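Please look over the sequence and the model below before reading on; the paragraphs that follow lead through ring contacts and then through the surroundings of the ligand.

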Amino acid sequence: MRILLTGGAGFIGSHISLLLLQKGFDLVILDSFVNSSTNVIKVITSYVEKKSSKCNLKIINGDIRDRNLLEKIFIDSIKDSKPIQAVIHLAGLKSVADSVLNPLGFWDVNVCGTNNLLETMSKNECYSIVFSSSATIYGLPDSLPIREDHKVSPINPYGETKVAIEKMLEGLYKSNINLWRICSLRYFNPVGAHPSGLIGEDPIGIPSNLFPYISQVAAGRREFLNVFGDDWDTNDGSGVRDYIHIMDLSEGHIAAIDYLTSKESCFEFINLGSGKGYSVFEIINQFELSTGVQIPFIIKGRRVGDIAKCYADISKAKNLLNWFPKRSLEEICLDGWNWQKNNPNGYIL
Ligand code: NAD
Ligand code: UD1
């Protein structure tokens, strides 16, 4: 089965790529490398070729907003007698801070890019899509754990683009309910790395998320961690989030593809998280315990746009996809640290 994976060179996409290739899928990656390195492709290819004889991977360096290119990708696959049967759509911009500074750029890439993709899929009779949505769309949660029927109320342009895409997908599904198979996966906080230590998260510039920041402090690239607030309404005053191992998240995509292909048509929003909440101090403690590396920190004021607590109800994913997260917080710390230690400067060697 041939799958088109947009954004397949990024943090999440690289881990999904590896898994799909190991499972024998035929894969086409479309990525503009605006937030990723071409080196990741070399690492994936050599890893898969070492583990199994075949690596059915085609890389297209391009932009999801380029309609002619998208059209060509679908047509070329049909000519190869390997039509694209499903799309996993991850390509997009994700920095919350950038979205506040450049909302139009976010609407262009995320929303117009997705519109382009869906039109091209429709034209070429490919009706199965897994989309990467985000827990950020829930905004300030009224109740915890968060279920998929919780109100959607994003508090930044990034989150607004995700909601707009979900609405686009819903409208498309309703336009012909016997045709489309759609899963919008709402990720909580994907962290960690592939257990090989060969691929992992490699943010450009100063990391804005907790885990990559801690890893870089551990590696000596940063002096200390800034803890954004110790006065939240949580067990220890620091922010609580739902951290999910990147390999568990990746397996959730395989489960979603299996689910879609078993259906005549469907449209589902599904949370992917661990279902557990951990505070910043708990993460620091676990990281130190697992790796033996100390994480110096200082307490700073609250970060604009932050919330106290956020964690998922994952029963829908369990029931519908027969998927559940298998890896512990300790494995998250160990695998994340293994990647950072082996690649202190990321993919740039
Ligand atoms: P990432 O930036 O590492 O990966 C995104 C990839 O998309 C990059 O390789 C980038 O080069 C590519 N890309 C960006 N714009 C493109 C365009 N116009 N055309 C083609 N390729 C383009 O991000 P990630 O963490 O892997 O996230 C993947 C998806 O998951 C994103 O849509 C993001 O919004 C969503 N998501 C991520 C998180 C998270 O915490 N990482 C949480 C929720 C949702
Ligand atoms: C952030 C984004 C969210 C996005 C998600 C994944 C904001 C306000 N939210 O979520 O929209 O979907 O990333 O990309 O940017 N923390 C520190 N020090 C740090 C970094 C983080 O104390 O250097 C704390 C935060 O205050 C928070 C927790 O660690 O309590 C997790 O932060 P982070 O990893 O950025 O994830 P989110 O806040 O969930």
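Which residue lies over the face of Trp-232? In this predicted model, that residue is Arg-302, which lies at 3.8 Å from the ring centre. A further arginine, Arg-186, lies over the face of Phe-269, at 4.2 Å from the ring centre.

Phe-269 also belongs to a cluster in which ring pairs link it with Tyr-173 and Phe-267, and the structure as a whole holds eight aromatic pairs. The rings of Tyr-173 and Phe-267 have their centres 5.6 Å apart and their planes at 20°, and because planes under 30 degrees apart count as stacked, this pair is described as stacked. The pair links distant parts of the chain, since Tyr-173 sits in helix α6 and Phe-267 in strand β11 (residues 266–272), 94 residues apart. Tyr-173 is buried, with a relative accessible area of 18%, and Phe-267 is likewise buried, at 14%. Between Phe-267 and Phe-269 the ring centres are 5.0 Å apart, with the planes at 75°, so this pair is edge-to-face.

Turning to the ligand, 27 residues surround ligand 1, and the closest are Asp-31, Asn-35, Ser-36, Lys-94 and Tyr-158. The shell divides into 13 nonpolar, 10 polar and four charged residues, and its largest share, three residues, comes from β5. A polar side-chain atom of Asn-35 lies 2.7 Å from an oxygen atom of ligand 1, while a backbone N or O atom of Phe-11 lies 2.9 Å from an oxygen atom of the ligand. Taken alone, ligand 1 exposes 810 Å², of which the protein buries 94%.

How values were computed. Residues numbered from 1 in each chain as written. Chains lettered and ligands numbered in written order. Predicted model: local features only at pLDDT ≥ 70, side-chain atom pairs only at ≥ 80, totals over all residues. Heavy atoms only, no water. Near = heavy atom within 4 Å. Polar contact = N/O pair within 3.5 Å; in protein donor to acceptor, adjacent residues only side chain to side chain. Areas by Shrake-Rupley, 256 points an atom, 1.4 Å probe, with all protein chains shown as cover. Helix = DSSP H or I, 4+ residues; strand = E, 2+ residues; numbered from the N terminus. Nonpolar A, V, L, I, M, F, W, Y, C, P; charged D, E, K, R; others polar. Phe/Tyr/Trp six-rings, centres within 6.5 Å; stacked < 30°, edge-to-face > 60°. Buried < 20%, exposed > 50% of the residue type's maximum accessible area, 1.4 Å probe, protein only. Lys NZ or Arg CZ within 6 Å of the ring centre and 35° of its normal.
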